[in-house]
Amino acid sequence: MSENLPMQEVPESTLLQRVAGGDARAFDQLYNRWSPMLYGLVCKILDDPREAEDALQDGFLHVWHKAGSYDPNRSSPTTWAYMIFRNKAIDRLRSRARHGRGMERIAQEEPYQAAPAADPDEGAEYQERRRVVKAALESIAPDQREAVTLAFFSGLTQTEIAERLGAPLGTVKARIRRGLLKLADTLKGKL
């Protein structure tokens with residue numbers, strides 16, 4: 001029935017089904033329909049046009065990969081999309097907040113880093129701790145190390161890590177957990 005309709009008249013639920021099957025034209029049509037309103041949504045949340053563009057891209061990438069998970073019994077296609085893009089924007093806000101806190105810590109540590117330690121053993125102790133932590137990180141599996149590093153040193157959310165690595169969210173969570181357990185075991189009694 002919707003096969004004979006012009007693309008701009010095809011229902012969004014049908015377009016999502018086609019996107020799930022890899023139909024790039026259907027994806028383009030959804031993008032054209034949704035991008036103005038969804039850009040407005042993420043722009044309002046993030047209050048930064050460049051970050052909003054990135055969140056929009058992340059959201060549409062998610063739609064492309066997860067269109068098959070859309071369930072018409074749970075929500076309308078537009079509501080489903082709003083939730084995805086809202087969550088992408090909120091993830092970016094959280095990442096921004098974590099990054100800001102990390103930068104504040106670095107700024108506070110700079111005087112300590114630049115000036116010689118009042119107690120020479122204190123500076124040596126810091127360097128030794130760094131060396132021990134770095135060696136412990138090197139001892140865990142590469143996939144776990146990558147996930148832990150992205151989570152704790154790059155400030156990415158688990159969702160962002162999953163997208164960056166192209167791995168399921170559950171896999172990322174498991175890698176981080178196993179990595180942290182291995183790190184804790186390796187570092188026990190060393191710090």
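**Helix H3.** I checked the length of H3, residues 49-66, first. Helices here are DSSP runs of H or I with at least four residues, numbered from the N terminus. H3 has 18 residues and should span 26 Å at 1.5 Å a residue. The rule is 1.5 Å times one less than the number of residues. The end C-alpha atoms of H3 are 25 Å apart, which agrees.

I noted that this is a predicted model, in which local features need pLDDT of at least 70 and side-chain atom pairs pLDDT 80 or more, while totals for chains, interfaces and linings use all residues. Residues are numbered from 1 along each chain as its sequence is written, and side-chain values use heavy atoms, without hydrogens or water.

Next I asked which residues of H3 are buried. Buried means under 20% relative accessible area, with a 1.4 Å probe and protein chains only. I found Glu-51, Ala-52, Ala-55, Leu-56, Asp-58, Gly-59, Phe-60 and Val-63. An α-helix has 3.6 residues a turn, so residues three or four places apart point the same way.

I also looked at the N-terminal end of H3. Asp-48 caps that end, with a side-chain oxygen 3.0 Å from the backbone nitrogen of Arg-50.

**Helix H1.** H1 covers residues 12-20, and its buried residues are Glu-12, Thr-14, Leu-15, Leu-16, Arg-18 and Val-19. Gly-22 follows H1 and has a positive phi, near 90°.

**Aromatic rings.** How many aromatic pairs does the structure hold? I read five. Rings of Phe, Tyr and Trp (its six-membered ring) pair if their centres lie within 6.5 Å; planes over 60 degrees apart count as edge-to-face. Phe-27 lies in H2 (residues 24-46) and Phe-60 in H3, so the pair ties together parts that are 33 residues apart in sequence. Both Phe-27 and Phe-60 are buried.

I then turned to Tyr-70 and Trp-80. Their ring centres are 5.6 Å apart and their planes are at 65°, so this pair is edge-to-face. Tyr-70 lies in the loop between H3 and H4 (77-114), and Trp-80 lies in H4, so the pair ties together parts that are 10 residues apart in sequence. Tyr-70 is buried at 12% relative accessible area. Trp-80 is buried at 13%. I also wrote down one aromatic cluster, formed by Phe-27, Tyr-31, Phe-60, Trp-64 and Phe-85.

**The largest cavity.** A cavity is a set of points on a 1 Å grid over the protein atoms alone where a 1.4 Å probe fits but cannot get out; lining residues have an atom within 4 Å of a point. The largest cavity holds about 30 Å³. Its lining is Asp-58, Lys-88, Asp-91, Thr-159, Glu-160 and Glu-163. H4 and H7 (158-165) each give two or more residues. H7 gives the largest share, three residues.

**The second largest pocket.** A pocket is an open set with protein on both sides within 12 Å along at least five of seven lines. This one has a volume of about 320 Å³. Its lining includes Asp-58, His-62, His-65, Thr-159 and Pro-168. H3 gives the most to this lining, with five residues.

Methods. Buried < 20%, exposed > 50% of the residue type's maximum accessible area, 1.4 Å probe, protein only. Polar contact = N/O pair within 3.5 Å; in protein donor to acceptor, adjacent residues only side chain to side chain. Phe/Tyr/Trp six-rings, centres within 6.5 Å; stacked < 30°, edge-to-face > 60°. Points joined across faces, edges and corners; volume = space filled by probe spheres on them.
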